[in-house]
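Dear colleague,

Please find below the structure that I am handing over to you, with its sequence. My notes on it come directly after.

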Amino acid sequence: DARGRDARAMLDGVVAAWDDVVRATSVAIAMPRGSTRFLLALALAPAIGLGFPALDRALRVAGVERDDARARARSAYALVTGTMLSAAAFGRATVVCAHFGACAYATMLATRRRCGYVVFAGSFAYLMRYHFVADTATAWKSGEVDISGLLMVLVLKVTACALNYQDAATTKASEMSEFQNRRHLKRLPSALDYASWLMFPCTLVSGPAIEFRDYSDWLRDRGVYARGTPNRVAPATRKLLGAIACLGIYQAVAMRYTIENTYLNPSWAQYSLAERIWHVYVYGQGNRAKYYFVWMMADFAATVSGLGFSGYDAMGKARWDTAANIYPIGVEKSVTLNAIPLSWNVKTGLWLRHYVYDRVTPKGKKPGLLQILITQIVSGVWHGLHAGYWLFFVSSAFAVNAGRLMYRWKQTRVPEKYRVLVDVPLWAFTHVALNYLCAAFILVDLKQCIQSWSSMHYFGHVGIAVLLVFGAVFAPRGSSK
């Protein structure tokens, strides 16, 4: 009818206008259109986040006091705006989000006692197929951004929710870990809450994955949100300024160091070993700042929405780390490689810890290298199927174990006043070796990865092997950090 035609015409006009914006911005910043769409979506997320406190004020003015009514309004707003944001960034590919969510939710409905394992296997199988069909690693390497990053975040969400729902039915409260006690779900989430959580706009395009219990508490003003959310201007400003600073660092490095004039430089073989290591180090540092920027922008968006609030510390100071996925200073100050995951991609690290590492460790047993290897392999598969990911994460498993051994040795064998003499060389090796290992993550191609490492005489692997042997001989046995 006429109304339908008018609606379609209006929608077509909006899509055409958005395409014009993307095209003009892509030309202005000299970036591929996929990356431009992603950056525009990242910039729009905080504006959408501001809509949540505005919605709350509007509901109060309208006299809506019931918690369930406010929760439904927030959920509806999150679902609609999140879907629109995904469509703006990834177009029609957004439909796969519906497939993901519907299949996971149906599995929780159908088989509660096994739903965690079924959703885990099914979501990873779907993601692996998508990585293979879309050749996502090659797209990322060329500077394009597709919906695979969003799907990776959805995998973390649907598996965590299903496992937490399964735990409540299969594990006694007395046998649950502290984490399981805080996260298990006695009731199946409503379809609206579940869908809006999956599509929560502030962290949609880049992550991190927020636990459903945190999201549900925020929707209903329970838990840490029961007393209201404190003023968010100061923490939001700090996060925004931090993101801008990281973007500036990335741009400054990217102007001189690129993948083409480092790893893929035809003159690479003419550089001395020290020059190669320096180029790889600087390029790696700059490339890391790009991730700092992206995650800090998502954290900024979650903070302005109010969801970023996570309670008060022992001194009564408000904390805003529900969506904090990166602590740049923590990464750069890490003395050993096992300390880096505490500050880098934090929420994914927690997911790996609690939903993989802890669950593959036999009860009553201490985790060891095998558990680290399994966890890192899962992380590699989650990132993609190219050999570079496997090389990086398997190598990093040994690097993390070496870091644990060195930490244990230092804490038990080196007097505190002399530890700085150990920390400085360990810190230097940690960061040079990290950027060396990251060559595999950046290049992804097997041949290029091996060529890169061999051009530096595998110094990172040799150093890690030395630390492993040293730690095995001199570090005492026992628990480690």
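The notes below take up helix packing, backbone geometry and salt bridges in turn.

This is a predicted model, in which local features need pLDDT of at least 70 and side-chain atom pairs count only at pLDDT 80 or more, while totals for chains, interfaces and linings use all residues. Residues are numbered from 1 along each chain as its sequence is written, and side-chain values use heavy atoms, with hydrogens and water left out.

Helix packing

Two packed helices are described by the angle between their axes and the distance between the axes. Helices here are DSSP runs (H or I, at least four residues), numbered from the N terminus. Axes are lines fitted to C-alpha atoms, for helices over the stretch in contact, and angles run from 0 to 180 degrees between N-to-C directions.

Helix H2 (residues 33-61) and helix H12 (residues 273-305) have axes that come within 6 Å and cross at roughly 15 degrees. The two helices H2 and H12 are therefore roughly parallel to each other (angles under 35 degrees count as roughly parallel, over 145 as roughly antiparallel, 65 to 115 as roughly perpendicular and the rest as oblique). Their crossing is left-handed, a term used if the near helix is turned anticlockwise from the far one by less than a right angle, with right-handed used if clockwise. On the H2 side, the residues in contact (heavy atoms within 4.5 Å) include Phe 38, Leu 39, Leu 42 and Phe 52. Their counterparts in H12 include Phe 293, Val 294, Met 297 and Phe 300. By class, the contact of H2 with H12 has 15 nonpolar, two polar and no charged residues. In this classification Ala, Val, Leu, Ile, Met, Phe, Trp, Tyr, Cys and Pro count as nonpolar, Asp, Glu, Lys and Arg as charged, and the others, Gly among them, as polar.

A second pair is formed by helix H9 (residues 191-198) and helix H10 (residues 212-219), whose axes come within 11 Å and cross at roughly 110 degrees. That angle makes H9 roughly perpendicular to H10. The crossing of H9 and H10 is right-handed. Asp 193, Tyr 194, Ser 196 and Trp 197 in H9 meet Phe 212, Tyr 215 and Leu 219 in H10. The contact of H9 with H10 comprises five nonpolar residues, one polar and one charged.

Within H9, the residues Asp 193, Tyr 194, Ser 196, Trp 197 and Leu 198 are buried (buried means under 20% relative accessible area, exposed over 50%, partly exposed in between, with a 1.4 Å probe and protein chains only). The cover over these buried residues includes helix H3 (67-90), helix H4 (95-110), helix H7 (148-170) and H10.

Backbone geometry

The loop between H9 and H10 contains Pro 208, which is joined to Gly 207 by a cis peptide bond with omega of about 10 degrees. Asp 221 has a positive phi of about 55 degrees and lies in the loop between H10 and helix H11 (233-254). Val 444 has a positive phi of about 60 degrees and sits in the loop between helix H17 (419-443) and helix H18 (446-455). With 4% relative accessibility, Val 444 counts as buried.

Salt bridges

The count comes to 17 salt bridges, each being a side-chain nitrogen of Lys or Arg within 4 Å of a carboxyl oxygen of Asp or Glu.

Asp 221 forms one of these with Arg 74, the closest N and O atoms being 3.3 Å apart. Asp 221 is in the loop between H10 and H11 and Arg 74 in helix H3, so the pair ties together parts that are 147 residues apart in sequence. Asp 221 is partly exposed at 24% relative accessibility, whereas Arg 74 is buried at 5%.

Arg 220 forms a salt bridge with Asp 193, with 2.4 Å between the closest N and O atoms. Arg 220 lies in the loop between H10 and H11 and Asp 193 in helix H9, so this pair ties together parts that are 27 residues apart in sequence. Arg 220 is partly exposed at 22%, and Asp 193 is buried at 5%.

Asp 423 forms a salt bridge with Lys 410, the closest N and O atoms being 2.9 Å apart. Here Asp 423 belongs to helix H17 and Lys 410 to helix H16 (residues 387-413), 13 residues apart. Salt bridges that share partners also join Asp 56, Asp 67, Arg 70, Arg 74 and Asp 221 into one network.

With kind regards
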